[in-house]
Amino acid sequence: MSTSAQYKKIVETMTDALNKHNIDEFLTHYGDNCEVIRDGQCVIRSKDEFKKYAEERFSNPDAKADLVEFLPSEGDDRIRFIIEHKDKKRYEQTCVFSKEGKVVEVHLKSLNNN
């Protein structure tokens, strides 16, 4: 299996875990020092911070998302895709992976005009 296919599978597994509100499964794919950069600003700087965010998000029973499509990406250490949340907010997301296959950076770009 190619690296790209492995990363796609990880993203699909993470999306499934989000939709099932399985925080432990969701977080297993993230490195300890992962960062989340949203619209160019770093908003999360560690797995611990990400866990706090995820716990809050997963407590909402309406927290659901759909993978819309995978996009071409530059570099073989990342995968790009579009995700849409139940509230119709869409994001272009890029996950950057470590050599161990853990997400170390997440770049989110809002595709909504608001």
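A residue is termed buried when its relative accessible area is under 20%. The close-up views below show a predicted model.

**View 1. The stacked pair of Tyr 7 and Phe 97.** The ring centres of Tyr 7 and Phe 97 lie 3.8 Å apart with their planes at 0°, so this pair is stacked. Distant parts of the chain are linked by the pair, since Tyr 7 belongs to helix H1 and Phe 97 to strand E5, 90 residues apart. Tyr 7 has a relative accessible area of 8% and is therefore buried. Phe 97 likewise counts as buried, at 4% relative accessibility. In total, the model contains seven aromatic pairs.

**View 2. The tilted pair of Phe 50 and Tyr 53.** The rings of Phe 50 and Tyr 53 form a tilted aromatic pair, with 6.0 Å from centre to centre and 40° between the planes. Both residues lie in helix H3, where three residues, about one turn of the helix, separate Phe 50 from Tyr 53. Phe 50 is buried at 6% relative accessibility, whereas Tyr 53, with a relative accessible area of 42%, is partly exposed. Phe 50 and Tyr 53 also belong to one aromatic cluster together with Phe 26, Tyr 30 and Phe 58.

**View 3. The surroundings of Phe 50.** Beyond its neighbours within four places in sequence, Phe 50 is in contact with Phe 26, Leu 27, Tyr 30, Cys 34, Val 36 and Ile 44. Cys 34, one of these partners, counts as buried at 1% relative accessibility.

**View 4. The largest nonpolar core.** This core comprises 26 residues, and those with the most contacts inside it are Met 14, Phe 26, Tyr 30, Phe 50 and Cys 95. At least two core residues come from each of helices H1 (3-20), H2 (23-27) and H3 (47-58), and from each of strands E1 (30-38), E4 (78-85), E5 (90-97) and E6 (103-110). Helix H1 gives the most, with six residues.

**View 5. The cysteines Cys 34 and Cys 42.** The count of disulfides in the model is zero. For Cys 34, the nearest cysteine sulfur is that of Cys 42, 9.5 Å away, and Cys 34 is in no disulfide. Cys 42 is also in no disulfide, its nearest cysteine sulfur being that of Cys 34.

**View 6. Lys 8 and the ring of Phe 70.** The charged end of Lys 8 sits over the ring of Phe 70, at 5.3 Å from the ring centre.

Terms used: Residues are numbered from 1 along each chain as its sequence is written. This is a predicted model: local features need pLDDT of at least 70, side-chain atom pairs count only at pLDDT 80 or more; totals for chains, interfaces and linings use all residues. Side-chain values use heavy atoms; hydrogens and water are left out. A nonpolar core is a set of buried Ala, Val, Leu, Ile, Met, Phe, Trp, Tyr and Cys residues joined through side-chain atoms within 4.5 Å. Buried means under 20% relative accessible area, exposed over 50%, partly exposed in between (1.4 Å probe, protein chains only). Helices (H or I, at least four residues) and strands (E, at least two) are DSSP runs, numbered from the N terminus. Contact means heavy atoms within 4.5 Å. A disulfide is a pair of cysteine sulfur atoms within 2.5 Å. Rings of Phe, Tyr and Trp (its six-membered ring) pair if their centres lie within 6.5 Å; planes under 30 degrees apart count as stacked, over 60 as edge-to-face and the rest as tilted. A charge sits over a ring if NZ of Lys or CZ of Arg is within 6 Å of the ring centre and within 35 degrees of the ring normal.
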